[in-house]
Amino acid sequence: MSALSPSLPGGTWALGDLTVTRFGYGAMQLAGPWVMGPPADRDGAIAVLREAVDLGITHIDTSDAYGPRITNRLIREALHPYPESLHIVTKVGARRDEQGGWPTARQPDQLRRQVEENLESLGLEVLDLVNLRLGDAEGPKAGSIAEAFETLVELQREGVIRHLGVSNATAEQVAEAQGIAPIVCVQNMYNLAHRHDDELIDRLAAERIAYVPFFPLGGFSPLQSATLSAVTARLEATPMSVALAWLLHRSPNILLIPGTSSVAHLRENIAGARLSLSDEDLAELDKIGRE
Ligand SMILES: NC(=O)c1ccc[n+]([C@@H]2O[C@H](COP(=O)([O-])OP(=O)(O)OC[C@H]3O[C@@H](n4cnc5c(N)ncnc54)[C@H](OP(=O)(O)O)[C@@H]3O)[C@@H](O)[C@H]2O)c1
C-alpha cells in the first residue's frame, strides 16, 4: 500500500518517474451516449471526478476524442489546477466523425494537432503520458507504427510529452515501439473474458511496464458467465468486484481504469476491488476466458 493512498486497493505503480495508484479512473463514460456530446448529468460528472481525486486516485485516463473534447473539458473544470500527485493519461490517433465513428488520424500533422488540442482542453503545458491509439474500433490491426510513433517521440523530445505508451496494439507493434523509444504502458482490451494478451502481460511485467486493460468490466456489455455468477454467489460479492479484484491479482503491472458516471459505483468498485480471492477462486475464474 502507498503512503499516498492507504485506502486504495492494489497500492501504487511507477509509470516511468510518475507514481500512480493501481486503482485509477477511466473518464470515457462521462461523455454522452456512445461517447458523443455532453453528459445528461453534468454536475454528476464533475462530482465523480472530484470524488475520484478525494478518494486518493492519482491516475485518470482520458482522450480528447471523448465527446469529442467534452471529457477533457470536464476534467479541467472539475480538477484544475491539478494536484501534483494527479497524472492524466491521454491518447491520440483517432478522431470522431458525425456518426460517432472513430476514424484513424495518425498522420504526423494530425497527431501534432491532437497533442496541442489535449494540452489546450486539459489546460496543461506538458502531457504526462500519451498513448498512441492503434487499430480501429474492431480491435488491433497488424502493420508498422513507425511513422506515427516517431512523431510522438519527436513531441517528447520537444518537451510536450513526458512518457509514451501504445494502445489497441498487437504484441508485434508493442515490440516495434520499444525498438524506437521506451514505453511505460500498453493499454489494450482485456478482462476476465478476453484473455488474448496473457503472454504480453507477463512479458511486460518482467520488463516493469504497465498493462492497463480497457473495458475491465466488459465496457458497453457487462461481463456475463456462469462461472463468474457461481464465484460471485459463493463470495457474496458482485460481478464487478470479482472482475476488478481478479485483475489486481492477475499481475502486479496491471493498472485499473474502470469507468463510471456514478459516485456510488466508483465507491462500490474501490471497495469491491479489495476482495480477496483464494487459489480455488482464481483457478475457477481462470477458466472463464477459455470457456
Ligand atoms: N484505448 C482505447 O481504445 C480505449 C477504449 C475504450 C475504453 N478506454 C478507456 O478505458 C476506460 C474503461 O472502459 P469503459 O469505461 O468503457 O468500460 P468498463 O470500465 O469496462 O465499464 C464501464 C461500464 O460499467 C458500468 N459500471 C461501472 N461500475 C459499475 C458498478 N459498480 N455497478 C454497475 N455498473 C457499473 C458503467 O456504468 P455507470 O456509469 O452506470 O457506472 C459503465 O457502463 C474508459 O473510461 C477509457 O478511459 C480506452
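Author: Start with the lining of the largest cavity: six nonpolar, no polar and no charged residues. Nonpolar means Ala, Val, Leu, Ile, Met, Phe, Trp, Tyr, Cys and Pro; charged means Asp, Glu, Lys and Arg; the others, Gly among them, are polar. This is a predicted model: local features need pLDDT of at least 70, side-chain atom pairs need 80 or more, and totals for chains, interfaces and linings use all residues. Numbering runs from 1 along each chain as its sequence is written, and side-chain values use heavy atoms, without hydrogens or water.

Reader: Which residues line the largest cavity?

Author: L217, P222, L223, P239, M240 and A243. A cavity is a set of points on a 1 Å grid over the protein atoms alone where a 1.4 Å probe fits but cannot get out; lining residues have an atom within 4 Å of a point.

Reader: And what classes line the second largest cavity?

Author: Six nonpolar, two polar and one charged. Among the lining residues are H59, D61, C185 and Q187.

Reader: Switching to the ligand. How many residues surround it?

Author: 25, and the closest are D61, S167, T260, S261 and H265. Near means a heavy atom within 4 Å.

Reader: How far is the side chain of H265 from a ligand oxygen?

Author: An N or O atom in the H265 side chain is 2.6 Å from a ligand oxygen. For E268, a side-chain N or O atom lies 3.2 Å from a ligand nitrogen.

Reader: What about G219?

Author: There a backbone N or O atom is 2.8 Å from a ligand oxygen.

Key:
Polar contact = N/O pair within 3.5 Å; in protein donor to acceptor, adjacent residues only side chain to side chain. 1 Å grid on protein atoms, 1.4 Å probe; cavity = no way out; pocket = protein on both sides within 12 Å on 5 of 7 lines; lining within 4 Å.
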